[in-house]
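Here is a short report on the links and contacts inside one protein model. Keep the sequence and the 3D view open as you read.

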Amino acid sequence: QIPAIAAVIVEPMGCEGGGCSYCDPATWGGSVPTASTDVVIAAGHTVVLDCDAQARTVTIEAGGLLFASRMASSTLTVHGNVIVRGGLDLGTPGSRIPAAHRTELVFAGIDDDDYVGTPTREVEGPDPYLSVLTPMEVLESDVGLWVMGDGVLSAAGTEMRSWGRLLDGAGPGDATFTVEDASGWRVGDRVVLTPTATLAEEDAWAFEESTIASIAGNVVTLASAPRQPHAGCTDCMRRGEAANLSRNVVIRSADDSGHAHVMVAERGVVNLDSAELRWLGPGRCGGVERRAPLYFHQQGDAATTSFVRHVSIWGGEQGFLLVERSNGIEVNDVVGYDGADNGFRLLYDMWPCYGRCEDRNLAAPRDVIFDHVLAARVA
């Protein structure tokens, strides 16, 4: 845990236009940020993440930009919040992080018990049958990635298909299977197979993970054969799925002992394509209100330009993706694996009107498209 008292706020010097390297001391006036530094990227400045870097917190102000290099691998490890009111570019669909490189944003030193969450605002109004809005406030205790104001988060790695149904299965002594579409899958990727046994059979809930040893088209061979059968077929009901959890652009916690989160609020925009969200979503007894691996909070029509495509979300302690009172979000070819509570959820806050909201048609999310979405192993 990095003590906050050691923090020093710095801003990049002379990084207008083409930008300056994060790991160049001249960018920061002589000293590269450390794990005790609060980094502020001010309006008009562009900082290029082209190395393994540290910070305590990062604030990208409106008009500022943190830009991941397409020419080198990079990892930014933070020990507190990343607040995006400007731009955080970890690749875009038109300018992806290439397969030869890897970009990661890592949150370290997290204790889930410190989280406060954002409970519903208590309202005493003249009409008890109307829903209300609950303002979102950045909390230092709730460590994560906050896309606020007019901030834009983009993350795009090598394009790949997230998951597909098994056309030919695998099992004991058989490490090879055929999936509907393995576009973009590579040797070394982490793959999970879903169970196909009946409830009467032993290990009916056996999800199995392995890595890819070889691949030819849509035919995949794992590094180790499954312990249980995972059936595949083209024209029957009971067949499994194969999901690829690996991406070369990753937003994650340092490990599975503490879990950061991603919050999108106000007019923030998130464009994710072929990215991985791992070990996100804090968990504790009783839950943490309005925290998840990816949470769109009461944005209304401001969310219509956000999309989540070809993304894996896995290993957290809450659901995968929650959309509260936000409209027009595209969620396409996404796998959520190994989480808890609701996997993928559309909701609006019914608590202030005790479930009898008269404005439910306005308050509920509209025009949110879930297409080819898999929720697997959800407690």
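## Ground rules

Buried means under 20% relative accessible area, exposed means over 50%, and partly exposed lies in between (1.4 Å probe, protein chains only). This is a predicted model, where local features need pLDDT of at least 70 and side-chain atom pairs count only at pLDDT 80 or more, while totals for chains, interfaces and linings use all residues. Residues are numbered from 1 along each chain as its sequence is written, and side-chain values use heavy atoms, with hydrogens and water left out.

Helices (H or I, at least four residues) and strands (E, at least two) are DSSP runs, numbered from the N terminus.

Side chains of opposite charge can pair when their charged atoms come close. A salt bridge is a side-chain nitrogen of Lys or Arg within 4 Å of a carboxyl oxygen of Asp or Glu. By this rule the model has 18 salt bridges.

Start with Arg96. The side chain of Arg96 meets that of Glu159 in a salt bridge, at 3.6 Å from N to O. Glu159 sits in the loop between β13 (152-156) and β14 (163-168), and Arg96 in the loop between β10 (87-90) and β11 (103-107), so the pair ties together parts that are 63 residues apart in sequence. Glu159 is partly exposed, at 47% relative accessible area.

Arg96 also forms a salt bridge with Asp273, where the closest N and O atoms are 3.1 Å apart. Asp273 belongs to strand β22 (residues 269-273) and Arg96 to the loop between β10 and β11, so this pair ties together parts that are 177 residues apart in sequence. Asp273 is buried, with 3% relative accessibility.

## A buried pair and a network

Which residue forms a salt bridge with Asp142? The partner is Arg291, and the closest N and O atoms are 2.9 Å apart. Asp142 lies in the loop between β11 and β12 (145-147), while Arg291 lies in the loop between β23 (276-278) and β24 (294-300), so the pair ties together parts that are 149 residues apart in sequence. Is Asp142 buried or exposed? Asp142 is buried, at 0% relative accessibility. Arg291 is buried too, with a relative accessible area of 1%.

Salt bridges can also share partners. In this way Asp38, Arg56 and Glu140 are joined into one network.

## Three disulfides

A disulfide is a covalent bond between the sulfur atoms of two cysteines. Here the cut-off is a pair of cysteine sulfur atoms within 2.5 Å. How many disulfides does a search of the whole structure find? The search finds three.

One joins Cys23 to Cys51, with 1.9 Å from S to S. This link is right-handed, with 85° about the S-S bond. Cys23 lies in the loop between β2 (20-21) and β3 (37-41), and Cys51 in the loop between β4 (46-49) and β5 (52-55), so the pair ties together parts that are 28 residues apart in sequence. Cys23 is partly exposed at 28%, whereas Cys51 is buried at 14% relative accessibility.

Another is formed by Cys233 and Cys236, their sulfur atoms 1.6 Å apart. The torsion about their S-S bond is about -70°, so this disulfide is left-handed. Cys233 is buried at 12% relative accessibility, and Cys236 is partly exposed at 34%. Cys353 and Cys357 are also joined, with 1.8 Å from S to S. Their torsion is about 40°, so that disulfide is right-handed. Both Cys353 and Cys357 are buried.

Find Gln318 in the loop between β26 (312-314) and β27 (321-326). Gln318 is buried, with a relative accessible area of 10%. Contact means heavy atoms within 4.5 Å. Leaving aside residues up to four places away in sequence, Gln318 touches Gly281, Pro282, Gly287, Val288, Arg291, Gly339 and Ala340. A polar atom of the Gln318 side chain lies 2.7 Å from the backbone oxygen of Pro282.

## Two positive phi angles

Ser274 is not a glycine, yet its phi is positive, at about 60°. Ser274 lies in the loop between β22 and β23. Ser274 is buried, with a relative accessible area of 0%.

His372 is not a glycine either, and has a positive phi of about 60°. His372 is placed in strand β30 (residues 369-378).

Technical notes: A polar contact is a pair of N or O atoms within 3.5 Å; within protein, one must be able to donate a hydrogen and the other to accept it, and residues adjacent in sequence count only if both atoms are side-chain atoms.
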